[in-house]
Amino acid sequence: MKKTIHIISVLTLTATISALTLASVNNWAKPLIEENAIKAISEAIFQVQPSAKSYEKIPLDELKAFEVFDENKNSIGYAVVHQGNGFQGTIKLIFGIDKNLERITSIEILEQVETPGLGSLITEENYKNQFRSLSVNPVINLIKGKSKTADNQVKAITGATISSRAVVNIVNDAIRILRKYSKEEK
Amino acid sequence: MKKPVSLTQEYIKGLWEINPIFKQILGMCPTLAVTVSAINGLAMGLATTFVLVFSSVIISSIRKIVPSQVRIATYILIISTFVTIVDLVMKAKFPELSKALGPFIPLIVVNCIILGRAEAFASRNNVLRSFLDALGNGSGFLIALLVLGSIREMLGTRTIFGVQVLPNQFTPWMVMILPAGAFITLGLLLGFANAFTKWQEQKNKKSVLVR
């Protein structure tokens, strides 16, 4: 009996001290972590919408999207954070698009765990530059091997078709949701 | 009777004699996974050392009141507390690094080095010795990870700590930053470590014969 009480009290005491310590550390760290996340997002937004001066979150459930404004508070387009399945794991990206949802301004990959040297090339300028002022009418198409014949085409990276297609699909999906939203808005 | 070990020896032994990577072959999972670059290796080594030192000290100081039936549960509680602290601090202060190391920081909880040292050393020795032992093992782990990370980063991306060390004419060996590169490099390093140990033993044998 004495032994049992001893065991219980040691474990309870350890757990209590541990919980108290973690609670206080968390109290200190939580605002900093949130601040980091907000900073990362706003940096990314201004990167894909370089002419933007401020932004506002759009109330959408399926999508994390922001409407961006120039210095005179005129809406100039959107910045959209979206994610989907890549080759190995989730790809999370942000892209900017003009007000009429016709042309992409620029794209940045936020998170990816694609194969280094192959799929990870989606983070390189060579691939991302293809999205600069890319038309999304009616959708973005992925092409392999041949050269571009229309301005809504993106060339796949050799040896990383799945990763290249994943990025295109994520962007297309986000635009589909955004179009639905902007129709409702009007 | 166990012969007394000097305090410096308690620290030094972790660097080579019982080096967690080269001799005990413990904690292979983070070793193979995060060492794509020198900075990752360094960060992982520092985080593990921090957890190892603090949990060893605490475990050693309460070793007499913890009943043996629940000792592992108590150790894990203590270890996971420190791991969570490291995780939160890194997320708050070094978000980039925390992102690069991903789930491997929380996974320090199950790193065998830490529970291994707690069970094999800290639960049987006084606080000072446990502290030195943990610091030594942590340093040994850190050095191994740093060497592994530097080699892989150098051959895989031509850089060490982001500074270019190999000329542009050198074509990066992509395999080095893939998992296969981790196994190849670690295997070769372990081979060299074993060869060196054997060579040392033979030398000692010879010197005994001469005497």
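**Salt bridges in the predicted model**

At 28% relative accessibility, A:Asp173 counts as partly exposed, where buried means under 20% relative accessible area, exposed over 50% and partly exposed in between (1.4 Å probe, protein chains only). The structure is a predicted model, in which local features need pLDDT of at least 70 and side-chain atom pairs count only at pLDDT 80 or more, while totals for chains, interfaces and linings use all residues. Residues are numbered from 1 along each chain as its sequence is written, chains are lettered from A, and side-chain values use heavy atoms, with hydrogens and water left out.

A:Asp173 forms a salt bridge with A:Arg176, with 2.7 Å between the closest N and O atoms; a salt bridge is a side-chain nitrogen of Lys or Arg within 4 Å of a carboxyl oxygen of Asp or Glu. Both residues belong to helix H3 (residues 161-185) of chain A and are three residues apart, about one turn of the helix. Helices (H or I, at least four residues) are DSSP runs numbered from the N terminus. A:Arg176 is partly exposed, at 48% relative accessibility.

In chain B, a salt bridge joins B:Glu119 and B:Arg71 (2.7 Å, N to O). B:Glu119 lies in helix H6 (residues 112-122) and B:Arg71 in helix H4 (residues 71-93), so the pair ties together parts 48 residues apart in sequence. The relative accessible area is 21% for B:Glu119 and 28% for B:Arg71.

Helix H4 of chain B also holds B:Asp87 and B:Lys91, four residues apart, whose salt bridge has its closest N and O atoms 3.5 Å apart. B:Asp87 is buried at 14% relative accessibility, whereas B:Lys91 is partly exposed at 36%.

How values were computed. Helices (H or I, at least four residues) and strands (E, at least two) are DSSP runs, numbered from the N terminus.
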